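Please look through the sequence and the three-dimensional structure shown here before reading on. A short report comes after them.

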Amino acid sequence: YYEVNELLQQESSIHGENVRVNGQAAPGSVQQEAQGRILKFTIVDIEGDESLPVVYQGTVPDTFKVGGDVVVEGQLNPDGTFQAHTLMPKCPSRYVPIE
C-alpha cells in the first residue's frame with residue numbers, strides 16, 4: 001500500500017508486482033472510452049506534487065469522483081503507467097455527527 005510519491009521512489013523494484021496506491025483523482029485528467037469500460041486518469045499525492053497516470057478497465061463505481069480520494073490496485077508498467085484492475089473510491093465520512 002503506497003502513496004503516489006512512495007510508489008515512484010520504488011518504481012524500478014516493483015514493476016510487475018501487484019500493489020495498491022492511494023491518491024486523489026486529478027481534476028481535468030479523467031477520460032472515459034469504449035462505452036465507459038476504459039477509464040484513464042491521473043492520481044496525485046494527497047499531500048504532495050507527484051502524479052501517476054492510471055488506466056483502469058472495468059465498471060466504474062458510482063462513487064468515483066474527480067478530486068476524490070481513490071485507491072487503485074494493479075501493476076506499474078515499465079512506461080510509468082499504472083494498469084489498475086481494481087478501483088476503490090473512498091467515500092467522504094458523511095456519517096460523522098455534525099458538531
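The sections below go from the overall layout to single residues.

## Basis of the report

This is a predicted model, in which local features need pLDDT of at least 70 and side-chain atom pairs count only at pLDDT 80 or more, while totals for chains, interfaces and linings use all residues. Residues are numbered from 1 along each chain as its sequence is written, and side-chain values use heavy atoms, with hydrogens and water left out.

## Overall layout

The protein has one helix and seven strands. Their order along the sequence is β-α-β-β-β-β-β-β. Helices (H or I, at least four residues) and strands (E, at least two) are DSSP runs, numbered from the N terminus.

Of the 99 residues in the protein, 34% are buried. Buried means under 20% relative accessible area, exposed means over 50%, and partly exposed lies in between (1.4 Å probe, protein chains only). The accessible surface is about 6100 Å², and carbon and sulfur atoms account for 46% of that surface. These areas come from the Shrake-Rupley method with a 1.4 Å probe; for residues, only the protein chains shown count as cover. Among contacts between residues at least 6 apart in sequence, 49% join residues at least 24 apart; a contact means heavy atoms within 4.5 Å.

## Strand pairing

Two strands pair if DSSP finds at least two bridges between them. Strand β1 (residues 2-3) pairs with β2 in the parallel sense, over two bridges. In this pairing Tyr2 stands opposite Val21 of β2. β2 also pairs with β6, in the antiparallel sense and over six bridges, and Gln24 stands opposite Asp69 in β6.

β6 in turn runs antiparallel to β7, and seven bridges join the two. Val71 has Met88 in β7 as its bridge partner. β6 and β7 form a hairpin with five residues between them, and Gly80 in the turn has a positive phi of about 90°. β6 is largely enclosed by the rest of the structure, because six of its eight residues are buried. Five of the seven residues of β2 are buried, so β2 is also largely enclosed by the rest of the structure.

## The nonpolar core

In soluble globular proteins, nonpolar side chains tend to be buried together. A nonpolar core is a set of buried Ala, Val, Leu, Ile, Met, Phe, Trp, Tyr and Cys residues joined through side-chain atoms within 4.5 Å. In this model the largest such core has 20 residues, and those with the most contacts inside it are Val21, Phe41, Ile43, Val72, Phe82 and Leu87. Two or more residues of this core come from each of α1 (4-9), β2 (19-25), β4 (38-44), β5 (51-57), β6 (69-76) and β7 (82-89).

What does Phe41 touch, not counting residues up to four places away in sequence? The residues are Ala25, Ser29, Val30, Leu52, Pro53, Val54, Phe64, Val70, Val72 and Leu87.

## Salt bridges

Side chains of opposite charge can pair when their charged atoms come close. A salt bridge is a side-chain nitrogen of Lys or Arg within 4 Å of a carboxyl oxygen of Asp or Glu, and the structure holds two of them.

Arg20 is partly exposed at 36% relative accessibility, whereas Glu73 is buried at 14%. Another salt bridge joins the side chains of Glu33 and Lys40 (3.6 Å, N to O). Glu33 is partly exposed at 33% relative accessibility, and Lys40 is partly exposed at 33%.

## Two loop residues

Ser29 lies in the loop between β2 and β3 (31-33). Is Ser29 buried or exposed? Its relative accessible area is 16%, so Ser29 counts as buried. A polar atom of the Ser29 side chain lies 2.7 Å from the backbone oxygen of Ala26. Beyond its neighbours within four places in sequence, Ser29 is in contact with Lys40, Phe41 and Thr42.

Thr59 is placed in the loop between β5 and β6. Thr59 is exposed, with 58% relative accessibility. The side chain of Thr59 makes a polar contact with the side chain of Arg37 (3.0 Å). A polar contact is a pair of N or O atoms within 3.5 Å; within protein, one must be able to donate a hydrogen and the other to accept it, and residues adjacent in sequence count only if both atoms are side-chain atoms. Thr59 and Leu87 are 28 residues apart in sequence, and their C-alpha atoms are 8.9 Å apart in space.
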